[in-house]
Every structure is written in C-alpha cells, then in structure tokens.
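Me: I would like to learn how to read a structure such as this one. Please take me through it feature by feature.

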Amino acid sequence: PAGGAGAMAQAKALMTKEPAPQSVPVSELTRKVCEVALNTGPDSSSGLITSGFRTAKHLTHEWHQSNSDLYNKAFSGCERGQCNRAESKELSAHAAATAQRAQQNSTAALGQRLQDIYFWKSELQRQIEDLDAETSLLAAQKLRLERALDATAVPYAIATDNLQCRERRQPPDLVNDEVEQELLKEAELIRNIQELLKRTLSQAANQMRLNRDHKEICEMDCSDKVETYNIDDKCGRYSNESTNIQFHPSSVKYEESASTPETWAKFTHDNIYRAEREKLASINLRALIDSILHDVSEDLRRQCAAVNEAFVRRCEELDDAKHNLEHHLKNVLREIGDQEANIAALKKAIKDKEAPVKVAQTRLYDRSFRPNVELCRDEAQFRLISEVEELTETIESLKQKLLESEQSLKNLEDARMDLEKEIAVKRNSIFID
C-alpha cells in the first residue's frame, strides 16, 4: 500500500491532464494514420518539402491519451505484482506450514507404527523365549522317559528269567500257581508300559519338533519386525536438514503384494496364537508324562509287591509241605525199623517153634512103635496130636504174619522213597522260588 501511494503521486506529478480512472484497462494503442488535405489554395504552402512532415503524426490529445494509458498500464502492473507477491508469500507460508504439518503427521504415524512393531516384536520375543524354555523342559521329560524305558528292561528280564527258571520245577510242583500268574501279569504289565513309554516318547519328539518349528516361525517374524523397526526408526529420524535424503519418484506407489494393517496384525497374532497353543500342548504333555511316570512306577511297585508276596506264600507252602513230608519220612523210617525188628522177631518165633514141633512129632513117631495093644489112643496121644496141630497152626499164622510184615516193610520202603523224592522236589522248588 505504501508503494502504491508513491506510484500514484508520481503519476499525478507527470500527468498534464486529468488522470484517467484506475479501472480503465490497459490496451495497445493503434497506430492512427492522419490524412492531411493538400493545400491547393493560393495562401497555402504546397510542395514536396512540407508534405513529408505532416504524414502519420498524432494529435495532442492522442499523445496525452497514450501517456495516460501507459501510466494506467504501469499502475495496474504494479498493483498486480503486489497482489501476486502477497499471494505468493501467503502460498509459500501455507505450503511451508502444510509441508511441516504433513511431515509432523508422517513422523507421528511412523512413531505410532514403531510402537505397534515394538509391541508385536516384544510379544514374539516372549513367545520365542517361552517356547525355548518349554522345549528344554520337554527335552528333560523326554530324557526321563528314555531312562524309564531303559529301566523297564531289568524287571522284564527278571520276570522272564523267573518264568524260565520255574520251568525247571519237577512234577508235581510244575503247576500254574499264583506265583506264575503274578509273574505273567508282571511281564504283560511291563510290555504294556514299554509300549506306552514308546508312544509317549514319539509324542514328545513330535511336540519338540512342533515347538522348534513355531519358534522358527516366530523368529523369522521377529527378525522381519526388527529389520522393519530399524528401517522405520531411520525413516523417523530423517529431517529437512538430513544429508542422506534424495528424490525417489518411483517410490510413490503401492506395492501389489503389500499387506494391510489388519492382515499384518492378524499374521503376527496368528503366529503368536499358534505358538501359544503349542506351548500349552507341550505343558499338558509334560504333565501327562509326569502322570504316566508316576502311575507306571506305582503299577510296577504294586505288581512287584504282589509277585514277592506270592513268592513268600508259595515258599511258605513249599516249606510247610517239605516239613510235613520230612515228618512223615521220620515216622516211616521209624516204622521201617520197627517192622524190620518185627520181621526178625517173627522169623525167630517161627524158628523157635521148630524144636517143639520136632519134640511132639518125635514123640508121636516113637509112640507109633508101641507093640500090640499098647498102641493105644490114650490121652497122651490126643494131646501130642493136638500139640502138633496147634504148633502147625501157630507156625502158619507166624509165617502169614511174616509175609504181611514183609509186604508192609516193602510198602514202607516205597513210601520212604516217594517221600525222599518228594522232599527233594520240594527242596528244588524252594531253591528255585
């Protein structure tokens, strides 16, 4: 406005006529050709010399009008220049403010993005650490399973060896008794336990593989986020004074394969969800392994106790049977001795009856030589005959009793042999059990 007032004062000082309105548009003045009439009169000057000075000249008012137009044109140009400068200044200030505001918004957006990336990166790192720790714990449980599986080899070998050793029992002790049933149950239990431990070992190995796979997925995602965080952090540190900035016109476009914030967050969320799911599965598997090992140990202990109790009862039964057999053997041996003494006594008694028989028969024989009427059936004759008959019956009775005693002795000897054999069987069974 101050410059405009000065220009107007200068214009008023130069103009000799009244200035034209400021609203008159600036326009080009057309060249006007004035035709001057030839002076043909007597008082006029005519000739070639004067006619050349009169051609194509403007009138005075045209001269003033031309000046006025030039003044108006200069004034309008100055005014438009001032407006343009003011608008340019305002536009520059607006553009600077807009650029600054846009840069601040972009920086704030990058900062928010850094927070989101840092959040998900932290969650991924936590899952990676948890999976790593969980895999280590599961590896320890897997080692316990392997040791438990190896430990079942000894009791299984003992059970099978016991069954094989008990096959060496002799009849009638070679029976399917309670001990054998418990040993068979123990062998079957150990085989089932071994199958269970093998299946659980396979599950643990598979779960460890899943843990490592999901840990690797989380590590790859976390690595991408670390790289992205570094890129966005570097981008957030750029400013107008940075020396490593330059034009990249081709970067102002959207990549067709680029993800959206929703799909980006869902991708990481799904990775964390799957990792958390595998971690929980691993935790449950470790608890299951603890339960299996505890139950297996208790089952083996109970079955071992049952086998031991069956062995104790069977050994007591065998020991009682052996003692009873030994007691009967002692009685049989004593009876054999008594019977042998009885047989000897019977033989002596039979032998002792030979002399009385001889005496009686000799008496009868000699009396058979009595002469004539002296050969009488007197009382003495009847008595001698009766004595011989009585002695004969006695001897026959003694001989029969001797036969019975000898048969009894033979039976006692057979019983003694059976008892001794059975005692040997029982001793063998007791030794085996």
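**Reading the features in turn**

Reply: Arg 169 is buried, with a relative accessible area of 4%. The model is a predicted one, and Arg 169 sits in the loop between helix 4 and helix 5.

Me: Which residues is Arg 169 in contact with, leaving aside its neighbours within four places in sequence?

Reply: A contact list shows what surrounds a residue. For Arg 169 it holds Leu 174, Val 175, Asp 177, Glu 180, Asn 428, Ser 429 and Ile 432.

Me: What is the peptide bond from Pro 171 to Pro 172, cis or trans?

Reply: Most peptide bonds are trans, and most residues other than glycine have a negative phi. The bond from Pro 171 to Pro 172 is cis, with omega near 5°. Pro 172 belongs to the loop between helix 4 and helix 5.

Me: What is the phi of Asn 372, positive or negative?

Reply: Asn 372 is not a glycine, yet its phi is positive, at about 50°. The residue is placed in the loop between helix 7 (354-367) and helix 8 (379-432). Its relative accessibility is 73%, so Asn 372 counts as exposed.

Me: How many helices and strands are there in the protein?

Reply: The protein has eight helices and zero strands. Read from the N terminus on, the elements run α-α-α-α-α-α-α-α. Of the 433 residues, 26% are buried. Among contacts between residues at least 6 apart in sequence, 88% join residues at least 24 apart.

Me: How do I read the packing of two helices? At what angle do helix 4 and helix 5 pack?

Reply: Look at the angle, then the distance between the axes, then the residues that touch. Helix 4 (residues 153-166) and helix 5 (residues 178-237) pack at about 150°, and their axes are 9 Å apart. Angles over 145 degrees count as roughly antiparallel, and therefore helix 4 is roughly antiparallel to helix 5. Their crossing is left-handed.

Helix 4 contributes Ala 153, Pro 155, Tyr 156, Ala 159, Asn 162, Leu 163 and Arg 166 to the contact. From helix 5 come Val 179, Glu 180, Leu 183, Leu 184, Glu 186, Ala 187, Ile 190, Arg 191 and Gln 194. Sorted by class, the contact of helix 4 with helix 5 has ten nonpolar, two polar and four charged residues.

Me: At what angle do helix 3 and helix 4 pack?

Reply: Helix 3 (residues 60-151) and helix 4 pack at about 15°, with axes 4 Å apart. That angle makes helix 3 roughly parallel to helix 4. Leu 149, Asp 150 and Ala 151 of helix 3 meet Ala 153, Val 154 and Pro 155 of helix 4. These residues of the contact of helix 3 with helix 4 divide into five nonpolar, no polar and one charged.

Methods
Residues numbered from 1 in each chain as written. Predicted model: local features only at pLDDT ≥ 70, side-chain atom pairs only at ≥ 80, totals over all residues. Heavy atoms only, no water. Axes fitted to C-alpha atoms, helices over the stretch in contact; angles between N-to-C directions. Parallel < 35°, antiparallel > 145°, perpendicular 65-115°, else oblique. Left-handed = near helix turned anticlockwise from the far one by under 90°. Contact = heavy atoms within 4.5 Å. Nonpolar A, V, L, I, M, F, W, Y, C, P; charged D, E, K, R; others polar. Buried < 20%, exposed > 50% of the residue type's maximum accessible area, 1.4 Å probe, protein only.
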